[in-house]
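Q: I am new to this structure. Please show me how to read its features one at a time.

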Amino acid sequence: MTCDLPMGDNRWRTPMKPLVRNAALNSYVELSRSLGIDPRILMKRVGLDPVGLAVQDRWISGVAVTQLLELSAAASCREDFGLLLAERRRLSNLGPISLVIREEPDVRSAVELLVRHEHMYNEMLHSRLSAANGLATLKVALEPGEAMPARQAIELAVGVFHQVLRGFLGARWQSVSVCFTHSAPSDIGTHRRVFGPVVEFDREFNGIVFYASDLSVPNHMSDPLLHTYARQYFDSIAVSRDTTVADRVRELIEVLLPTGRCSIEQVACSLGVDRRTVHRHLSASGESFSSLLNTTRTQLAEQLVANQRRSLTEISGLLGFSAPSAFSRWFSERFGCSPREWRLRRTRRQHSGEE
């Protein structure tokens, strides 16, 4: 797989582009095929791996996703492509945060949580909830890190928020208006079917306006007994907006190792930059790609080899080695013995009560 990356002196100053979870493209393949276009060809054009979509929590380039949606709309001759994709969304597509939102006591707390932690599922997304004069406004903006058409991604984001609100407020719920800054498509049938007759174009912001009283509606899905547990779970996994480049690279290494394509080039492609930019950021934090790869592999190897139910051949593949013999040599260098011997020693210590 190749990526078209920027060249020239500016590459040394290239910032890390925002990422989104693979789940942002949930149902993309099925929708594309239903519209008669080949999703694999379009994904490869923007440097995305069709096989990788199976891993929902993998982070991929937001720029690539935005480009992919625009290409798909053009290829299928469907200006409503992003909105059609939004219709297929479920609350669970948001990842771990969906478990907490489901248990929030009312609509306001659920939406505020979704807005406050948007970086956990889409780093391009910048939304804001406000209320005044009896109306609530949920404004939605996307910042992919460079100027580019984003009509489809915007409609997808607004469509998903609308789906979430309707999930809490009921299928008959109607907003006051749904606004888009871009012009109307030639056929607004899908928009009216999804949003009702209140959809408006050429407005000053993208988002949803609804009655502020809707924010006080109790969440019928919530179980008060589970709310505290859900919040505690979320607090344990919530990540800061200030995630470092090293953190991002480490996460990508864990995802890419089992694919056998864990390289600095692949990581850079997923981050939307070139390899020199990754090296520069890691060097500034006292790390290198090789050091992170070895550290991550070592940690995973300990966990996997300790699991008696996994064969060493399977573990070899999960750690990205081309053959079990290569894994065995690497393991012996890192741990001072073969993986089979390490597992045997650990089992003996457990039986003797040393662990």
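A: Start with a term: buried means under 20% relative accessible area, exposed over 50%, and partly exposed in between, with a 1.4 Å probe and protein chains only. Helices (H or I, at least four residues) and strands (E, at least two) are DSSP runs, numbered from the N terminus. The model is predicted, with local features needing pLDDT of at least 70, side-chain atom pairs counting only at pLDDT 80 or more, and totals for chains, interfaces and linings using all residues. Residues are numbered from 1 along each chain as its sequence is written, and side-chain values use heavy atoms, leaving out hydrogens and water.

Q: How many residues of helix α11 are buried?
A: In α11 (residues 264–271), 7 of 8 residues are buried, so by the definition above the helix is mostly covered. They are I264, Q266, V267, A268, C269, S270 and L271.

Q: What do the buried residues of α11 pack against?
A: Contact means heavy atoms within 4.5 Å. The buried residues of α11 pack against β1 (19–21), β2 (59–61), α10 (245–256), α12 (275–284) and α13 (289–305).

Q: How are two packed helices described?
A: By the angle between their axes and the distance between the axes. Axes are lines fitted to C-alpha atoms, for helices over the stretch in contact, and angles run from 0 to 180 degrees between N-to-C directions. The axes of α10 and α11 come within 10 Å and cross at roughly 115°. R248, V249, L252 and L256 of α10 make the contact with Q266, V267, S270 and L271 of α11.

Q: What is the order of the strands in the open sheet of 5 strands?
A: Two strands pair if DSSP finds at least two bridges between them. The order is β3-β4-β7-β5-β6, with mixed pairing. β3 and β6 (199–200) stand at the edges with a single partner strand each, so one side of each has no neighbour in the sheet.

Q: How many bridges join β3 to β4?
A: Strands β3 (residues 125–132) and β4 (residues 135–142) run antiparallel and are joined by 8 bridges. S127 stands opposite V140 in β4. Their hairpin has 2 residues between the strands, and N133 takes a positive phi near 55°.

Q: Where does pLDDT stay under 50?
A: pLDDT is the predictor's confidence in each residue, from 0 to 100. Where it is low, the predicted coordinates should not be read in detail. Here pLDDT stays under 50 over residues 1–14. The chain has a mean pLDDT of 86, and 91% of its residues reach 70 or more.
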